[in-house]
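Here are my notes on this one, written as numbered points. Keep the structure open and click along as you read.

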Amino acid sequence: METTVPSLKRTCLALLAAVLLIGAIPGSAQAYANAFFPTQNSGNRGADVLAIQYLLQHNGQSVTADGVFGATTVTAAKAFQTAKGLGSDGIVGPQTWGALVPTIRLGDNNAAVKALQVELNAKRRLGLAVDGVFSTAVRDAVVAFQSHAGIGADGIVGPITWRNLSWHYDYPDFTANLCDQDPDGNGTAANWAAAAAVAQLEAATRSFASTNQGKVGYGDAGFEHGGDIPGHASHDNGMDIDIWPIRTDNAQCTAGRITWESATYDRAATRQLVQAVRAAAPGHVKFIWFNDPTLINEGLTANWPAHDNHLHIRYCEKVHPNSTYVC
């Protein structure tokens with residue numbers, strides 16, 4: 001099973017070994033040395049979950065494609081794993097991803113193409129119709145991604161393209177009650193994050209919108225392909241996102257950032273925001289660093305130096321090559 005401790009260790013070691021091996025082969029058709037299939041399970045949301053649901057449909061499983069990894073998706077994943085002789089735990093890790101993804105190309109018409117269209121739309125900021133038709137427009141988008149990724153640009157989607165596309169970071173939808181903030185001068189280039197992290201935050205901020213307490217300031221998350229980001233000791237794995245505390249005047253997107261000690265700090269509203277973040281990603285929030293002692297005492301946030309004026313959300317998964325991001 002993908003979630004047992006010995007198997008979890010083997011999976012992580014296998015991921016690391018594969019990454020190192022691929023990176024060591026001269027001329028290997030591997031875009032990003034750190035690319036891997038992102039483990040998704042109950043509580044996750046986003047483009048990767050939606051793609052998994054379409055891939056499960058393609059493999060004969062009955063599941064609604066809604067982008068939320070709920071009970072029916074767990075059941076469908078377990079049934080697929082059983083059919084393939086995999087550990088039946090309902091967690092879509094690297095082995096299950098590998099069994100799910102087919103090779104598809106121009107002229108195909110099936111649910112796997114819908115999964116591809118979902119991933120291209122999210123990871124390449126496109127507007128392809130999610131209709132399951134592998135048209136010339138889809139082929140062109142695949143070739144463009146393959147060229148972008150530095151892999152063989154033949155327009156055919158096999159395991160290497162699937163792995164790099166599913167790993168590629170997502171860009172937030174700022175209509176989800178978010179406003180773009182740039183305190184560290186990294187610009188919009190630093191807005192990217194893992195698909196699950198982005199979608200889980202969007203779900204939280206959409207929920208927070210119902211309180212009518214203003215938009216949520218979105219600070220740095222990461223670069224499009226990860227890596228070191230100026231002004232941060234982390235934010236290089238797509239699983240960390242900074243957001244702003246809420247102000248009593250609800251002007252967190254126009255009047256500047258505050259600390260938890262500021263006169264205009266709204267603790268009650270910030271508490272609601274933190275609760276929304278946790279509710280939107282059950283089992284997938286490792287920490288929220290923010291130094292308000294009241295919220296810390298309530299078990300909602302944790303103390304970390306230099307986190308008086310922003311909330312640092314660290315998301316996590318059941319399997320991740322970096323143990324820092326393992327739930």
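1. One term before we start: a residue counts as buried when its relative accessible area is under 20%, as exposed when that area is over 50%, and as partly exposed in between. Bear in mind too that this is a predicted model.

2. With that cut-off in hand, go to strand β5, residues 311–315. How many of the residues of strand β5 are buried? The count is 5 of the 5, so the strand is largely enclosed by the rest of the structure. Both of its faces are covered. Leu 311, Ile 313 and Tyr 315 sit on one side, while His 312 and Arg 314 sit on the other.

3. Now look at what β5 pairs with. Strand β3 (residues 240–243) pairs with β5 in the antiparallel sense, over 4 bridges. In that pairing, Ile 241 stands opposite Ile 313. Strand β4, residues 285–289, also runs antiparallel to β5 and is joined to it by 4 bridges. There, Val 285 is the residue opposite Tyr 315.

4. The side chain of Ser 234 makes a polar contact of 3.4 Å with the side chain of Arg 314, a residue of β5 that is itself buried. Leaving out residues up to four places away in sequence, Ser 234 touches Ile 229, Asp 240, His 312, Arg 314 and Tyr 325.

5. The loop between β2 (216–218) and β3 also holds His 232. At 19% relative accessibility, His 232 counts as buried, because the cut-off is under 20%. Which side chain does His 232 join through a polar contact of 2.8 Å? That would be Asp 220. Setting aside residues up to four places away in sequence, His 232 touches Asp 184, Asn 186, Asp 220 and Asp 242.

6. Over to the helices. Phe 80 belongs to helix α3, residues 71–83, and it is buried, with a relative accessible area of 2%. What does Phe 80 touch, not counting residues up to four places away in sequence? The list is Leu 56, Asn 59, Gln 61, Thr 96, Ala 99 and Leu 100.

7. Ala 141 is in helix α6, residues 136–149. Its relative accessibility is 10%, so Ala 141 counts as buried. Not counting residues up to four places away in sequence, Ala 141 touches Leu 120, Leu 126 and Leu 128. Between the C-alpha atoms of Ala 141 and Val 326 there are 33 Å, and these two residues are 185 residues apart along the chain.

8. Next, have a look at the largest pocket, with a volume of about 400 Å³. It is lined by 21 residues, and the closest to its centre are Gly 46, Ala 47, Asp 170, Ala 199 and Glu 202. Helices α2 (47–58), α5 (111–124) and α8 (195–209) each supply at least two residues of the lining. Which helix gives the most? That is α8, with 6 residues. By type, the lining divides into 11 nonpolar, 3 polar and 7 charged residues.

9. Last, two backbone spots to check. Most residues other than glycine have a negative phi. Asn 250 is not a glycine, yet it has a positive phi of about 60°. It is found in the loop between β3 and α9 (267–280), and at a relative accessible area of 30% it is partly exposed. Ala 306 has a positive phi too, of about 70°, although it is not a glycine. Ala 306 lies in the loop between α10 (293–297) and β5. Its relative accessibility is 65%, so Ala 306 counts as exposed.

How values were computed: Residues are numbered from 1 along each chain as its sequence is written. This is a predicted model: local features need pLDDT of at least 70, side-chain atom pairs count only at pLDDT 80 or more; totals for chains, interfaces and linings use all residues. Side-chain values use heavy atoms; hydrogens and water are left out. Buried means under 20% relative accessible area, exposed over 50%, partly exposed in between (1.4 Å probe, protein chains only). Two strands pair if DSSP finds at least two bridges between them. Contact means heavy atoms within 4.5 Å. On a 1 Å grid over the protein atoms alone, a cavity is a set of points where a 1.4 Å probe fits but cannot get out, and a pocket is an open set with protein on both sides within 12 Å along at least five of seven lines; lining residues have an atom within 4 Å of a point. Grid points are joined across faces, edges and corners, and a volume is the space filled by probe spheres set on the points. Ala, Val, Leu, Ile, Met, Phe, Trp, Tyr, Cys and Pro count as nonpolar, Asp, Glu, Lys and Arg as charged, and the others, Gly among them, as polar. A polar contact is a pair of N or O atoms within 3.5 Å; within protein, one must be able to donate a hydrogen and the other to accept it, and residues adjacent in sequence count only if both atoms are side-chain atoms.
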